[in-house]
Amino acid sequence: MDEQLKFNTPWILQRADPYVCYYEGWYYFTASVPEYDRIVLRRAKDIAGLADAEEKVIWVKHESGPMSEHIWAPELHFLQGKWYIYFAGGEKENIWNIRPYVLECTGVDPLEDAWIEKGKLQRADGDDFSFEAFSLDTTVFEDAGKHYIVWAEKVGVGKQISNLYIAELESPYKLKTVQVLLTTPDYDWERIGFWVNEGPGMIKRGNKLYLTYSASETGIHYCVGMLTAESGSDLLDPLSWKKERYPVLKTDESKGIYGPGHNSFTKDAQGNDIMVYHARTESVIVGDPLYNANRHAFLMKIGWDDNDRPIFSYNQ
């Protein structure tokens, strides 16, 4: 039972960019694997059970061309009566040619039924920019009867900058509207190592939408920022969103938690809001942080203040 959950301690080892969703009595878990070569999926009747659930490989990277390197950050969504997985992938011939791709399940059981490739996420008619550069970390959410997608994409030359963009979806694999810039790395805590905003995740409370995201390089300086908007507002208007001046979650050496980030949200069996995030347990990283396997999935119980704002605390 979920009463056995342990928070802010390694939950599933060596699984970065963790994503958990709940649908019709089952919890599903997927994440980046250290080899960046496949997409895995597991399920259980409660969150605690995911830790020991059998993990199944549902898709393997190509030998060459698109989707043949750096298979990153899969997310599982049930949209318009079907299961979809959004993920990013590069090319063996150009490993940094990262783009977002979509898989569609041919049946109702995402672990047992076959998956087909829908190809690269399609931009809207008249959009000349989306997914033409390094693009990754797509997440999908619904508000006021519309489905939106948020993703990270790099712009500029030299020291490229990773921004977050939003668009409305026409279908699970095509945008309806042109991209809108949500946030760019404005602050010093978003610019350590690399200028990065990425890894968006959505949680709702009352009439508020809270969009978390990750910033800076993937080592101990990785941290979580947040944007807030009103439900039902024009979410394609950047002025509908307010950005927090400081990170809402960051490294805490006293807790032995380093570089928290790239999170998703779910609810436990009692209806409590749970943040699923990855972090490290060591302050000294051997080699390139991107290829160090010791980013583990953690759980955090989210509290709420009197204004229905989320409280991110290692002490919950």
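Predicted model: local features only at pLDDT ≥ 70, side-chain atom pairs only at ≥ 80, totals over all residues.
Reader: How many aromatic pairs does the model contain?
Author: Rings of Phe, Tyr and Trp (its six-membered ring) pair if their centres lie within 6.5 Å; planes under 30 degrees apart count as stacked, over 60 as edge-to-face and the rest as tilted. By this rule, the number of aromatic pairs is 19.

Reader: What geometry do Phe78 and Trp83 adopt, as an aromatic pair?
Author: Burial is expressed as relative accessible area: buried is under 20%, exposed over 50%, and partly exposed in between (1.4 Å probe, protein chains only). Phe78 is partly exposed at 30%, while Trp83 is buried at 1%. Their ring centres lie 5.1 Å apart with 70 degrees between the planes, and the pair is therefore edge-to-face.

Reader: Where is Ala73 placed, and what is its phi?
Author: Strands (E, at least two residues) are DSSP runs numbered from the N terminus. Ala73 belongs to strand S5, residues 66-79, and is buried at 5% relative accessibility. Most residues other than glycine have a negative phi. Ala73, although not a glycine, has a positive phi of about 50 degrees.

Reader: Is Gln80 buried or exposed?
Author: Gln80 lies in the loop between S5 and strand S6 (82-91), and has a positive phi of about 50 degrees although it is not a glycine. Its relative accessibility is 59%, so Gln80 is exposed.

Reader: Which strands stand at the edges of the open sheet of three strands?
Author: Two strands pair if DSSP finds at least two bridges between them. The order of the sheet is S18-S19-S20, with antiparallel pairing. Each edge strand has a single partner strand, so one side of each is left without a neighbour in the sheet; these strands are S18 (258-267) and S20 (296-301).

Reader: Which residue in S19 stands opposite Tyr258?
Author: S18 and strand S19 (residues 273-280) run antiparallel and are joined by six bridges. Opposite Tyr258 stands Arg280.

Reader: Which residue in the hairpin of S9 and S10 takes a positive phi?
Author: Eight of the nine residues of strand S9 (residues 135-143) are buried. S9 pairs with strand S10 (residues 146-155) in the antiparallel sense over seven bridges, and Asp143 stands opposite Lys146 in S10. Two residues lie between the strands, and the positive phi, near 50 degrees, is that of Ala144.

Reader: With which side chain does the side chain of Asn197 make a polar contact?
Author: A polar contact is a pair of N or O atoms within 3.5 Å; within protein, one must be able to donate a hydrogen and the other to accept it, and residues adjacent in sequence count only if both atoms are side-chain atoms. Asn197 lies in strand S14 (residues 195-205) and is buried at 0% relative accessibility. At a distance of 2.8 Å, the partner of its side chain is that of Thr183.

Reader: The backbone nitrogen of which residue lies 2.6 Å from a polar atom of the side chain of Ser214?
Author: Ser214 is in strand S15 (residues 208-215), and is buried at 0% relative accessibility. Contact means heavy atoms within 4.5 Å, and, not counting residues up to four places away in sequence, Ser214 touches several residues, including Asn197 and Gly261. The backbone nitrogen in question is that of His262.

How values were computed
Residues numbered from 1 in each chain as written. Heavy atoms only, no water. Helix = DSSP H or I, 4+ residues; strand = E, 2+ residues; numbered from the N terminus.
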